[in-house]
Amino acid sequence: MSQALAPVTRSNIKIGVVGTGLVGSTAAYSIAMQGIGSELVLVDHNPKLADAQYRDILHATPFSHPMRIRAGDYADLDRCALVILAAGVGQKPGESRMQLLTRNAAVFADIVPRVMQHAGDAVLLVATNPLDVMTQVAARLSGLPASKVLGSGTMLDTARFRSLLAERFQVSPSSVHAYVLGEHGDSEVLAWSAAQVAGLPLDRFAELCGKPLTQQARQEIDHDVRHAAYRIIDGKGATNYGIGAALARLARCIVHDERSVFSVCSVIPEVAGVRNVAVSLPMVVGQHGVEMVMEPLLSSEEQEALRKSAALIKNTFTALGY
């Protein structure tokens, strides 16, 4: 007879955030405002920054949910159920993507072993860019099963896709089921052929609404999904609210073992003919990380685009020397 698992309760869930810059601090703030877990520990290579972020977030808790929050060191991550990795360096003027990746991989080579020394049973949630490759780096450095290391992947891209479709058809985004797959980046794939609204194929629903999806409409939506981050960065220098909210949503899913489906990335054995690569697909997320991976039925063109996206991620990871 199988033994029942102990219930997951908010009273005994500790979450760590490593890297308390814009993304890490926004994720921590979102977690605190939603009362996810019972304890939050902030760690940064700059202890003064971590201390300031902890105090600022703590002062907001009287208006939301009581929670134990503190700044600390890696040793304070002991017994964490979840550790969010948001540490990394920014891209320098004239620096190539590979140069940035090499520097961030060096950051992870330092922090991941230190996290594992004290929180070896935690699920790792990666937020550092280039996201897909850094998720694969974290999986390799941690030695954890691939399912326990995931990145936020194309969650934001998928949210943008669903929102734009919902806006066009004047329905709630919750009624739109559509995913962005592959890299969280320029090679991402909008899975038009698998999209549905109210259980109907997208094209069929569009016809019923009297708003057929012309090629121009598809191109406009595709452009807006792919370039949303660029527009935000151009205006304010960084994106942090959307990704912070996405990380908090994943934290809630893991803490409460929701087994909800999100387009996150994790190292999977094979996708579109590319083996052992971290790529975003619809995945069931729960207490132990990724519980199930699903590859939607795609058109031949989308399948080839997904193969190219996965190959790009795999080749970039291999170029690091792993």
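1. A crossing of two helices is called right-handed if the near helix is turned clockwise from the far one by less than a right angle. Keep that in mind as you look at this predicted model, where helices α1 and α8 make a right-handed crossing. Helix α1 covers residues 22-34 and helix α8 covers residues 241-255. Their axes lie 8 Å apart, at an angle of about 50°. Angles between 35 and 65 degrees are neither roughly parallel nor roughly perpendicular, and α1 and α8 are therefore oblique to each other.

2. Which residues of α1 and α8 make the contact? From α1 come Val23, Thr26, Ala27, Ser30, Ile31 and Gln34. From α8 come Tyr241, Ile243, Gly244, Ala245, Leu247, Ala248, Ala251 and Arg252. Sorted by class, the residues of this contact are 9 nonpolar, 4 polar and 1 charged.

3. On the α3 side, the contact involves Leu101, Asn104, Ala105, Phe108, Ala109, Val112 and Met116. On the α4 side, Val133, Met134, Val137, Ala138, Leu141 and Ser142 take part. By class, the contact of α3 with α4 holds 11 nonpolar and 2 polar residues, and no charged ones.

4. Is Gln117 buried or exposed? Its relative accessible area is 62%, so Gln117 is exposed. The C-alpha atom of Gln117 is 26 Å from that of Thr26, a residue 91 places away along the chain.

5. Now to the loop between α7 (215-236) and α8, where Ala238 sits. Ala238 and Val23 are 215 residues apart along the chain, and their C-alpha atoms are separated by 9.0 Å. Setting aside residues up to four places away in sequence, Ala238 touches Leu22, Ile232 and Ile233.

6. Thr61 lies in the loop between α2 (47-58) and β3 (68-71). With a relative accessible area of 11%, Thr61 is buried. A polar atom of the Thr61 side chain lies 2.6 Å from the backbone oxygen of Leu58. Beyond its neighbours within four places in sequence, Thr61 is in contact with Met33, Pro66 and Ile69.

7. Another threonine to find is Thr158, in helix α5 (residues 155-169). Thr158 has a relative accessibility of 6% and therefore counts as buried. Apart from neighbours within four places in sequence, Thr158 is in contact with Ala178, Tyr179, Val180 and Ser263.

8. Finally, some backbone details. Most residues other than glycine have a negative phi, and most peptide bonds are trans. Here the peptide bond from Asn129 to Pro130 is cis, with omega near -5°; Pro130 is in the loop between β5 (123-126) and α4. Gln170, in the loop between α5 and β7 (176-177), has a positive phi near 55°. Gln170 is exposed, at 63% relative accessible area. Asp257, in the loop between α8 and β12 (260-271), also has a positive phi, near 50°. A relative accessible area of 28% makes Asp257 partly exposed.

Terms used
Residues are numbered from 1 along each chain as its sequence is written. This is a predicted model: local features need pLDDT of at least 70, side-chain atom pairs count only at pLDDT 80 or more; totals for chains, interfaces and linings use all residues. Side-chain values use heavy atoms; hydrogens and water are left out. Axes are lines fitted to C-alpha atoms, for helices over the stretch in contact, and angles run from 0 to 180 degrees between N-to-C directions. Helices (H or I, at least four residues) and strands (E, at least two) are DSSP runs, numbered from the N terminus. Angles under 35 degrees count as roughly parallel, over 145 as roughly antiparallel, 65 to 115 as roughly perpendicular and the rest as oblique. Contact means heavy atoms within 4.5 Å. Ala, Val, Leu, Ile, Met, Phe, Trp, Tyr, Cys and Pro count as nonpolar, Asp, Glu, Lys and Arg as charged, and the others, Gly among them, as polar. Buried means under 20% relative accessible area, exposed over 50%, partly exposed in between (1.4 Å probe, protein chains only). A polar contact is a pair of N or O atoms within 3.5 Å; within protein, one must be able to donate a hydrogen and the other to accept it, and residues adjacent in sequence count only if both atoms are side-chain atoms.
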